Amino acid sequence: MDKITETRSKSASLRWLTGGAARHQMAAELSETARLALPMVLAQLGQIAMMTTDLAFIGRISAEAIAAAALAGRVYLTGITFGVGLLAAVTSLAAEAFGAHNLAAVRRSVGMGLWAALLLSLPITALSLEGEQILLAVGQAPDAARLAQQYLLGLAWGVAPALWFGVIRSFMGAVHRPEPIFWITIGAIPFNALLVYLLIYGKLGLPRLELFGAGLATTLVNFATLFAGLWFATVPRPFRYYHVLAGLWCFDCRLMQQLIVIGTQISITFLMDGAIWSAAAFLMGIISTSALAAHQIAYQFASILYTIFFGIGVAANVRVGHAVGRNDGPGIKRAGMAAFVLGIVIAATVSLVVIVARFEIAEFFLADAADATIRLATNLLLVGASCFITTAMYSIALGSLRGLKDTRVPLLFAAVGQWLIGLSLSYALGLKIGLGPIGIWIGLSIGTTVYAALLVVRFRLLASRLAIQNRCPATQMR
């Protein structure tokens, strides 16, 4: 009996020690994920700050100018979004190579990313230069299309440096050193504001360029951030030891093919995520102008939150990729779970804040609107708060699956969850059943929840399978 008691005591002690080690590993993973995600999130918010600054200055030209800038943004951002999505594959490839301590593969991933960025910039630039004809073809007013083209003429030449800077940002994130990107973005905010002000209004002896000047300022900022990024990536320690530009002229066809296949699927997913909100705005416009205004406020707030969750998703991509590179099955699952915990905590906190402060948020953005529009915006914010956690889950699950280079099935999930289920329900609830704007957002919320559930289950299945496979060699040896 004493031996049985002693054996049980030892087993309990072993379980306690094992559980303590697991908790310590999870805490360490959570800390690393948060440390990686913070500068990424702040850099994303810095990009939003620059866009907001541009719109504030453009709005002082005229109402027609800001409307034209919005049209130009649709043309420009469609191409840029596709390019950024394709180049996101650089993060997955470089992170896995870094986790495997294969610095040559890290260099090749960055090199092929730079080549892909150059090739992508050509059609995207051409798209921007033909923006007026594109807008006319889709039925926009000639004056608005002409003004939009002025803005695009300034923006077009900044496509290549913007995409190259995106590759540098992916490299720095993949090697767990995203801080320089944050500091570059912070420095770019006042520089961008100064250039936009000088070039739009023609100060300090410069010509008044208005919308063309706003676009040109963005192009100059893109070149400045690229040069700063290249300096950080090649000169100071520890980046100079990677020699990321060495062998740039050695074209790796196999790696380029892999980057294009993975990246194209990511790009289509990005475009589908953005297009679902455009479709929702179209449904709102069918109902009324006030419904569209209320939707825009709720969407604007949700898009800022999505930026935060996207940054955490990129961190999850990197951490999962590192675990894949070092062939650490349990580490893959732990990296994903740590990112989920971080995202859920932030989303739950923000949801409570929005629920409590929804009236103040709506009144801040819609101070001059009718009371009915403000009430509708508060209701949409309330419905939106119900899906902040699921938005965080699907954003982080997407990043985690990209770390596993699993991009084809998530694309199918986006089509099923957001479009087949979400948009169909939005149309049925909002326009057919008669719930109006609230029904549209309920449909979107349900679609987002289904999408998130599918992605989370997919990641857990793949992570568990890899964890079991890592145990198999030892089992097979016996």
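Good morning. Methionine 337 touches Met26 and Arg460, leaving aside residues up to four places away in sequence. Methionine 337 belongs to helix α12. With a relative accessibility of 26%, methionine 337 counts as partly exposed. Its C-alpha atom is separated by 26 Å from that of isoleucine 268, a residue 69 positions away along the chain.

Let me turn to confidence in the prediction. The average pLDDT of the protein is 85, and 92% of the residues score at least 70.

Is valine 356 buried or exposed? Its relative accessible area is 66%, so valine 356 is exposed. Together with Ile355 and Leu382, Val356 forms a nonpolar patch on the surface. The accessible area of these three residues together is about 260 Å².

My next subject is charge. As a general point, side chains of opposite charge can pair when their charged atoms come close. How many salt bridges does the structure hold? There are 8, and I shall describe some of them.

One of them joins aspartate 252 to arginine 108, with 3.4 Å between the closest N and O atoms. This pair links distant parts of the chain, as the two residues are 144 residues apart. Aspartate 252 sits in the loop between α9 (210–234) and α10 (253–287), whereas arginine 108 is in helix α4, residues 103–129. Aspartate 252 counts as buried because its relative accessibility is 18%, which is under the 20% limit. Arginine 108, at 36% relative accessibility, counts as partly exposed.

A further salt bridge brings together the side chains of arginine 208 and glutamate 210, at 2.9 Å from N to O. Glutamate 210 has a relative accessibility of 31% and therefore counts as partly exposed.

Next, the side chains of arginine 326 and aspartate 328 meet in a salt bridge, with an N to O distance of 3.3 Å. Arginine 326 counts as partly exposed, at 39% relative accessibility, whereas aspartate 328 counts as buried, at 18%.

Finally, I come to the cysteines. In general, a disulfide is a covalent bond between the sulfur atoms of two cysteines. A search of the whole structure finds 0 disulfides. Cysteine 250 is in no disulfide, and the nearest cysteine sulfur to its own, that of cysteine 253, is 11 Å away.

Thank you for your attention.

Note on methods:
Residues numbered from 1 in each chain as written. Predicted model: local features only at pLDDT ≥ 70, side-chain atom pairs only at ≥ 80, totals over all residues. Heavy atoms only, no water. Patch = residues over 30% accessible without salt bridge, like charges linked within 9 Å, V, L, I, M, F, W, Y side chains within 5 Å. Areas by Shrake-Rupley, 256 points an atom, 1.4 Å probe, with all protein chains shown as cover. Salt bridge = Lys/Arg side-chain N within 4 Å of Asp/Glu carboxyl O. Buried < 20%, exposed > 50% of the residue type's maximum accessible area, 1.4 Å probe, protein only. pLDDT = per-residue confidence, 0-100. Helix = DSSP H or I, 4+ residues; strand = E, 2+ residues; numbered from the N terminus. Disulfide = S-S within 2.5 Å. Contact = heavy atoms within 4.5 Å.
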